[in-house]
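Subject: Handing over the structure

Hi there,

Here is the structure I promised to pass on to you. Have a look at it first, and then read on for what I found.

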Amino acid sequence: MRRLMPIGVYLLSLAVFVYGVKAELSGSLEGPKWFYLPPIMLTLLSIAYLSERSRFFGGVSLFSAFMLSIFYLADVRVPLIFAIGLLLSLIAILIALPKGMQQISFSERVINIAVGIFSLAVILKALNFVWPDEIKPYIFSLAIIGILLLFFKNRKFSIGGIPLLAMFYTALSYTIYTFNYSLRGYWWVFFAISLTLSFYSLFPLRKVMKG
């Protein structure tokens with residue numbers, strides 16, 4: 001039962017997410033349909049949760065996908081279906097907190113530090129952009145948590161920072177496109193960073209799953 005419960009919570013939250021996207025997001029997104037790609041990618045990455053060694057990464061990926069979906073709605077009254085899914089995905093993360101240690105390589109640590117420092121600079125700059133006030137504190141708080149996770153020497157923890165930063169960069173590209181018209185020409189830069197981070201996560205994820 002202890003082994004099945006984490007998987008049950010994950011599958012339930014995944015079902016809520018798929019149903020919520022189908023029921024709530026259809027036609028509500030302003031901007032290119034490309035913006036649907038990052039939450040779909042994060043959802044696919046969250047399948048890693050089915051491997052016991054990489055459940056933390058999978059839980060954070062699913063949580064990030066939920067946060068992006070809620071951000072696209074940009075509404076204080078978060079639909080109940082998303083609130084339930086967000087809670088379930090948070091439970092999935094807590095259940096999956098890493099117990100073992102997997103040391104990251106020197107090159108990986110350098111990349112993580114570089115991404116963290118760059119992201120911190122972007123966060124400080126983005127504070128001056130126009131954001132939906134209701135969602136802004138959550139997006140920035142989770143981005144900072146993502147940066148902090150990158151500085152862990154335990155790969156099982158540090159890898160969890162990547163989905164959170166992918167979420168932040170996607171939200172940033174969306175808010176530039178939707179709310180900051182003078183900067184609209186730059187939305188694709190941060191969107192590309194988000195997709196790059198998602199693809200990059202496959203390399204440390206592979207190492208985590210190998211153990």
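Helix 9 covers residues 187-200 and helix 10 covers residues 202-210; they pack at an angle of about 20 degrees, with axes 5 Å apart. Axes here are lines fitted to C-alpha atoms, for helices over the stretch in contact, and angles run from 0 to 180 degrees between N-to-C directions. Helices (H or I, at least four residues) are DSSP runs, numbered from the N terminus.

Which residues make this contact? Helix 9 brings Ser198, Phe199 and Tyr200, while helix 10 brings Leu202, Phe203 and Pro204. Contact means heavy atoms within 4.5 Å. These residues divide into 5 nonpolar, 1 polar and no charged. In that division, Ala, Val, Leu, Ile, Met, Phe, Trp, Tyr, Cys and Pro count as nonpolar, Asp, Glu, Lys and Arg as charged, and the others, Gly among them, as polar.

Before going further, please keep in mind that this is a predicted model: local features need pLDDT of at least 70, side-chain atom pairs count only at pLDDT 80 or more, and totals for chains, interfaces and linings use all residues. Residues are numbered from 1 along each chain as its sequence is written, and side-chain values use heavy atoms, with hydrogens and water left out.

Staying with helix 9, take a look at Ser194, which lies in that helix. Is Ser194 buried or exposed? Ser194 is buried, with a relative accessible area of 0%; buried means under 20% relative accessible area, exposed over 50%, partly exposed in between (1.4 Å probe, protein chains only). The side chains of Ser194 and Thr170 are joined by a polar contact of 2.5 Å. A polar contact is a pair of N or O atoms within 3.5 Å; within protein, one must be able to donate a hydrogen and the other to accept it, and residues adjacent in sequence count only if both atoms are side-chain atoms. Not counting residues up to four places away in sequence, Ser194 touches Pro38, Ala166, Tyr169 and Thr170.

Tyr169 leads on to the core. The largest nonpolar core has 64 residues, and Tyr169 is among those with the most contacts inside it, together with Phe71, Trp131, Ile139, Phe168 and Leu172. Helix 3 (residues 55-73) gives the most to this core, with 12 residues. A nonpolar core is a set of buried Ala, Val, Leu, Ile, Met, Phe, Trp, Tyr and Cys residues joined through side-chain atoms within 4.5 Å. Leaving aside neighbours within four places in sequence, the contacts of Tyr169 include Phe118, Val122, Phe190 and Leu197.

Helix 3 also holds Phe56, a buried residue with a relative accessible area of 7%. Beyond its neighbours within four places in sequence, Phe56 is in contact with residues including Ile93, Leu97, Leu149 and Phe157.

Next comes helix 2 (residues 37-45), where Thr43 is found. Thr43 is buried at a relative accessible area of 12%, and its side chain reaches the backbone oxygen of Pro39 at 2.6 Å. Apart from residues up to four places away in sequence, Thr43 touches Tyr10, Leu14, Phe17 and Ala65. Met41 has its place in helix 2 too and counts as buried at 13% relative accessibility. With residues up to four places away in sequence not counted, Met41 touches Leu195, Ser198 and Phe199.

Leaving aside neighbours within four places in sequence, Pro32 is in contact with Tyr177 and Trp187. The C-alpha atoms of Pro32 and Tyr174 are separated by 9.4 Å, though the two are 142 residues apart along the chain. Tyr177 is found in helix 8 (residues 161-179).

Methods:
Helices (H or I, at least four residues) and strands (E, at least two) are DSSP runs, numbered from the N terminus.
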